Amino acid sequence: MSRLNHFMAKTRPLRLLQFFVAIIIFCYAALTPSPQQILGQHADSYMHFLGNFLLYLSAWLALWRRISIFKLLLCLIPFSAAVEVAQYFSPPRTVDPHDFLANLAGLAAAALVCAFFQWVLRRI
């Protein structure tokens, strides 16, 4: 067993815990009425992109080699869409198609970064 595989096997509970915490933070930030108080005055689309990017990275680390990059993307798209729709029930938040596109862009960008890292790790 390589050092990386050994390390990943030993850290699995910690990686799953960080994913659980990431989901809580993601949902809280996405559904709180005034995220600007927590996150600062950043552009809304930028925060949607960054939140989904980090969510994908967190899931990829938690599920290391247990699910393909594409399947993980297919699992996170409905979750991201559901959180966007849930904003309808959290005034003054609104459902915005531009936010969903930023969500998709964040997930896709993270999938590309993870694919690149997997390619690099196979080479070394």
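Select the side chains of Ser 80 and Asn 103, which are joined by a polar contact of 3.1 Å. The model on display is predicted. Ser 80 is located in helix α5. It counts as buried because its relative accessible area is 1%, and buried means under 20%. Leaving out residues up to four places away in sequence, Ser 80 touches Asn 52, Asn 103 and Leu 107.

Next, select Tyr 56, Trp 60, Ile 69, Leu 72 and Leu 76. Within the largest nonpolar core, which has 20 residues, these five touch the most other members. Helices α2 (12-31), α4 (44-62), α5 (69-86) and α6 (97-123) each supply at least two residues of this core. The greatest contribution, 6 residues, comes from α4.

Now centre the view on Trp 60. Apart from neighbours within four places in sequence, Trp 60 is in contact with Ile 69, Leu 72, Cys 114, Phe 117 and Gln 118.

Phe 26 belongs to helix α2 and Phe 79 to helix α5, so the pair ties together parts that are 53 residues apart in sequence. Phe 26 is buried, at 12% relative accessible area, whereas Phe 79 is partly exposed, at 27%.

Move on to Tyr 88 and Phe 89. Their ring centres are 5.0 Å apart and their planes stand at 90°, so this pair is edge-to-face. Tyr 88 is exposed, at 57% relative accessible area, and Phe 89 is exposed, at 65%.

Finally, select Phe 116, Phe 117 and Trp 119, which form one aromatic cluster.

Methods
Residues are numbered from 1 along each chain as its sequence is written. This is a predicted model: local features need pLDDT of at least 70, side-chain atom pairs count only at pLDDT 80 or more; totals for chains, interfaces and linings use all residues. Side-chain values use heavy atoms; hydrogens and water are left out. A nonpolar core is a set of buried Ala, Val, Leu, Ile, Met, Phe, Trp, Tyr and Cys residues joined through side-chain atoms within 4.5 Å. Buried means under 20% relative accessible area, exposed over 50%, partly exposed in between (1.4 Å probe, protein chains only). Helices (H or I, at least four residues) and strands (E, at least two) are DSSP runs, numbered from the N terminus. Contact means heavy atoms within 4.5 Å. A polar contact is a pair of N or O atoms within 3.5 Å; within protein, one must be able to donate a hydrogen and the other to accept it, and residues adjacent in sequence count only if both atoms are side-chain atoms. Rings of Phe, Tyr and Trp (its six-membered ring) pair if their centres lie within 6.5 Å; planes under 30 degrees apart count as stacked, over 60 as edge-to-face and the rest as tilted.
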